[in-house]
Number of protein chains: 2
Amino acid sequence: METTIFESEELRQLETLAQQRRTIKRYQHLFRAGSPLQYLYLIRAGSFKSCVLDSNGREQITGFHMNGELLGSCAIGTGKHLCDMMALEDSSVYEISFAEVERLVREIPTLQRCLNRAMSREVERNYKSMLLLGSMRAEERLATFLLDLSQRFAKQGYSATEFNLRMTREEIGSYLGLKFETVSRMFSNFRESHSIEVKNRAIEIKDLNRLQQMVGHYA
Amino acid sequence: METTIFESEELRQLETLAQQRRTIKRYQHLFRAGSPLQYLYLIRAGSFKSCVLDSNGREQITGFHMNGELLGSCAIGTGKHLCDMMALEDSSVYEISFAEVERLVREIPTLQRCLNRAMSREVERNYKSMLLLGSMRAEERLATFLLDLSQRFAKQGYSATEFNLRMTREEIGSYLGLKFETVSRMFSNFRESHSIEVKNRAIEIKDLNRLQQMVGHYA
DNA sequence: CGCGATTTTGACGGCACTCAAGCGCCGTGG
DNA sequence: CCACGGCGCTTGAGTGCCGTCAAAATCGCG
């Protein structure tokens, strides 16, 4: 009895093309930047991080991904993956053969729309990250991050106020452009202001309004 | 006698669909975020900036665009533009009716590839920006910016070492996640280290190696 | 239970921001 | 043509946020 809730409804169309399941152990890569696009993936269970590296070894986490989301879509244009995708915990995905998708896309026009939308969503998410990285202070970044997670958990039918982080402070820091000590300090600040309760990876949002206000007022 | 050099060769295919030219005056918008996608645009002359705004009025410039580049591609998925596009100087573009493109895309499979690639390029550029915003210090950001501009001018057949900036210090700052005073100071630093010559918007790169080294070594 | 990894917390320093003043370039109008 | 005004740019002084370095606590896992 599975009722996957997709990031976007039209992804249900892709689900019908899912050929097989694949399980990924924690810290394993689903694909790497530069490798050819063979499959698109729908997350059935678990979570992932995507990251890009530059020529000097710097790493930037570009996103965290959970249930119902499509992975690999930004490779559609070039046929090569643009980022590394690593499981944050033991996870499970549907494999969707891209060759199959390319074949079917000529017969089913709505399938193309579906792919295009997936890529646009990726661009839109990236724009939001750029805004965050370019113009927010540490407190605002972390508040934005928590509110985003909260919404996504809620959309999956989980609690919007109590959830467990799947990533380390360092990974949060990489995503938000902060050092892990700063992330930790901000969590402590939030606790002291009674906005959240933190116990390691366990988060309870106690004052949603306050978090939203933090994102709102800027200098 | 026009020989447009495109950002990517396959854009030449889109050029054949160009129906009319349009001129845009400085500081005019080509389109705005949220407006429906009616045309894609190929830049014939001039330059543009794209920016996103958040609900609190913060602005982030997501890119600068010049000759031969395609504008509006990230709206392909949703049918609505995701960013504002403003001319930095009096400019000229080809209009390409998106309705026409959508009609032709079923007959010409390579046209779809062309659009997909355009979107992938956008994602790739954004990843680079996120890396820059998330993990570089001011000096590295500005050096990266200058090297990127240099390459793009060179690709258009212009000098890689002497060019005029089309944007203000404040716009550079918005793009790089810095305040304009910091941008100005960094330019002065670069001049003092004889890496570049700056006179207002006029840039001369005098020591390309040094700029590249700046990007290289991190902490 | 014990070890390594993760997280917290403290002290300190530096890079970038803020605020402010002055300069220079350019377009406009007298 | 020149004077004026506004905007963009530069530069300085001071501050503060976040990074760095370090140590201790806690967690998770074998």
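**View 1. Lys49(B) and Glu171(B) pair in a salt bridge.** Their closest N and O atoms are 3.0 Å apart. Lys49(B) sits in strand β4 (residues 48–53) of chain B and Glu171(B) in helix α5 (residues 169–176) of chain B, so the bridge ties together parts 122 residues apart in sequence. Lys49(B) has 8% relative accessibility and counts as buried. Glu171(B), at 11%, is also buried. The model shown here and in the other views is predicted.

**View 2. A salt bridge joins the side chains of Arg121(A) and Glu7(A).** The N to O distance is 3.4 Å. Arg121(A) belongs to helix α3 (residues 109–135) of chain A, while Glu7(A) lies in the segment before α1 (11–15) of chain A, so the pair ties together parts that are 114 residues apart in sequence. Arg121(A) is buried, with a relative accessible area of 17%. Glu7(A) is partly exposed at 23%.

**View 3. Asp207(B) and Arg210(B) form a salt bridge in chain B.** The closest N and O atoms are 3.5 Å apart. Asp207(B) is partly exposed, with a relative accessible area of 22%. Arg210(B) is partly exposed too, at 35%. Elsewhere, in chain A, salt bridges with shared partners link Glu7(A), Glu10(A), Arg121(A), Glu122(A) and Arg125(A) into one network. Over all chains, the whole structure holds 32 salt bridges.

View 4. Helix α6 (180–192) of chain A and α6 (180–192) of chain B each supply at least two residues. α6(A) gives the most, with five residues.

**View 5. Polar atoms of the protein approach both phosphate and base atoms of DNA strand C.** On the phosphate side, a polar backbone atom of Ala138(B) is 2.6 Å from a phosphate oxygen. Lys199(B) places a polar side-chain atom 3.3 Å from a phosphate oxygen. On the base side, a polar side-chain atom of Arg185(A) lies 3.0 Å from a base nitrogen.

Note on methods. Residues are numbered from 1 along each chain as its sequence is written. Chains are lettered from A and ligands numbered from 1 in the order in which they are written. This is a predicted model: local features need pLDDT of at least 70, side-chain atom pairs count only at pLDDT 80 or more; totals for chains, interfaces and linings use all residues. Side-chain values use heavy atoms; hydrogens and water are left out. A polar contact is a pair of N or O atoms within 3.5 Å; within protein, one must be able to donate a hydrogen and the other to accept it, and residues adjacent in sequence count only if both atoms are side-chain atoms. Helices (H or I, at least four residues) and strands (E, at least two) are DSSP runs, numbered from the N terminus. A salt bridge is a side-chain nitrogen of Lys or Arg within 4 Å of a carboxyl oxygen of Asp or Glu. Buried means under 20% relative accessible area, exposed over 50%, partly exposed in between (1.4 Å probe, protein chains only).
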